[in-house]
Amino acid sequence: MPQHVVVVGAGVIGLSCAILLQDAGYAVTIVARDFPRPFETMDPIADINYTSAWGGAHNRWVPPHANSPPSVHREHAMSLRTFAHMKALHAAAPATAGITFLPGIEYLEAPGPEYLALSAAPSTNPNPLSLPGFRLLPPSAFPPDGRVTWACTYDTWCVNPMVYAAFLLRRLALRGARLIHRDLRSPAEAFTLSPPPAAVVNASGTGLVPDPAAATVTRGQTCLVAEGCAATVTRQNADGSWVFCVPRGFDGGTVIGGTKERGDWRAAPDAAVRARMLDGFVATYPGILAPGRPRLTVVRDIVGRRPTRDGGPRVEGEVLDGAGFVMHAYGLGGRGYELSWGVAEAVVEGVGSALGRGGAKL
């Protein structure tokens, strides 16, 4: 009989963990308050806490530096592993997985040491972090306002969130996963299910356990427009603000963003913020406009709450008194999609160690 593992949460982290747990031979049950469904049917207020529905859902490389904290190096390794999984999924199901591969472009007004180190890399090794497709862009490719001082391009991916999440969910269900629609208050509740699980994976986003490092959210306001774009584009301004675009593919339009407002629980979008984002992005990347159109076509405002944890995500196991072994995988902030498969690999390894088994089949 395969050992039974319950995954709490059906966002991108929970679904990815469940897939790799199935690959490793476990019987999987997913218990969640929210499950994937068509994005167009979702209510921006009632569903605001289902973070995976509202994400930009793409990979943006965050290069580690010699002085970066260990969490940055760990997350970079996870993003590389996620890239490899996305490549494999796209190759296996290009028409249905909801994944698009395309160029990524970065524009920086005030690059930090981690970016300047890439510029200083010797010609014998111009891509020391092995970023797929990485190359520096010349000043002739910078935006015309003269404020950008550093730019690069690389290979990346984006997903249409609910197309991709529904693809993973169907795959799980067809392979025998049990799905339970329930709002748990603690991962310990999962041990009351029948049959009782050998382990529980806590992919609840917020954690559902006492954790002073995970006490808040980061509000993100973006805007979905009807236009497509041939690249993901991110601009970091010297004042700390951002503008970016993430094409969703699969007739899903493009997300224009965005804000990062830690500790802000407001659900309503700000019209002035939307106007600033749209104007700022068009000024940075005017190629997104269709010929003859003076402005972008707004479909809807998006406000999401990214469960945020100081020091990076919690990916570790513990034994809860009176319950059993719980493998935590929560607090990824805005990087859930970027790190999803790397986190899932670590989760399967942790569950396997706790239960005396090997890790995931890669």
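This is a predicted model: local features need pLDDT of at least 70, side-chain atom pairs count only at pLDDT 80 or more; totals for chains, interfaces and linings use all residues.
Visitor: What is the relative accessible area of R37?

Guide: R37 has a relative accessible area of 30%, so it is partly exposed. Residues are numbered from 1 along each chain as its sequence is written, and side-chain values use heavy atoms, with hydrogens and water left out.

Visitor: Thanks! With which residue does D47 form a salt bridge?

Guide: First the general idea: side chains of opposite charge can pair when their charged atoms come close. The rule asks for a side-chain nitrogen of Lys or Arg within 4 Å of a carboxyl oxygen of Asp or Glu. Here D47 pairs with R37, and their closest N and O atoms are 2.6 Å apart. D47 and R37 both lie in the loop between β2 and α2, so the pair ties together parts that are 10 residues apart in sequence. Helices (H or I, at least four residues) and strands (E, at least two) are DSSP runs numbered from the N terminus. As for burial, D47 counts as buried because its relative accessibility is 9%.

Visitor: Where do the partners D310 and R262 sit in the chain?

Guide: The closest N and O atoms of the D310 and R262 salt bridge are 2.4 Å apart. This pair links distant parts of the chain: D310 is in the loop between β13 (298-308) and β14 (314-320), and R262 is in strand β12 (residues 261-262), 48 residues apart. D310 is partly exposed because its relative accessible area is 43%, and R262 is partly exposed because its value is 45%.

Visitor: How many salt bridges does the rule give?

Guide: The count is 20. Another of them joins R266 to D264, with 2.9 Å between the closest N and O atoms. R266 has 41% relative accessibility, so it is partly exposed, whereas D264 has 17%, so it is buried. Salt bridges can also be read as a network, as with E109, D145, R147 and R235, which are linked in this way.

Visitor: Which residues does UniProt list for "binding site"?

Guide: The unreviewed UniProt entry lists T51 and S52. UniProt positions are given in the numbering used here, with shortened feature names, and annotations may be inferred rather than shown by experiment. T51 is in the loop between β2 (27-32) and α2 (70-92), and S52 lies in the loop between β2 and α2 too. T51 is partly exposed because its relative accessibility is 23%, while S52 is buried because its value is 12%.

Visitor: What does S52 touch, leaving out residues up to four places away in sequence?

Guide: Contact means heavy atoms within 4.5 Å. On that basis S52 touches G11, V12, P161, M162 and Y337. A polar atom of the S52 side chain also lies 2.9 Å from the backbone nitrogen of V12. For T51, leaving aside neighbours within four places in sequence, the contacts are R305, R306 and P307.

Visitor: Is T232 buried or exposed?

Guide: T232 is buried because its relative accessible area is 2%. T232 sits in strand β9 (residues 232-236). Beyond its neighbours within four places in sequence, its contacts include H58, L102, T156 and C245.

Technical notes
Buried means under 20% relative accessible area, exposed over 50%, partly exposed in between (1.4 Å probe, protein chains only). A polar contact is a pair of N or O atoms within 3.5 Å; within protein, one must be able to donate a hydrogen and the other to accept it, and residues adjacent in sequence count only if both atoms are side-chain atoms.
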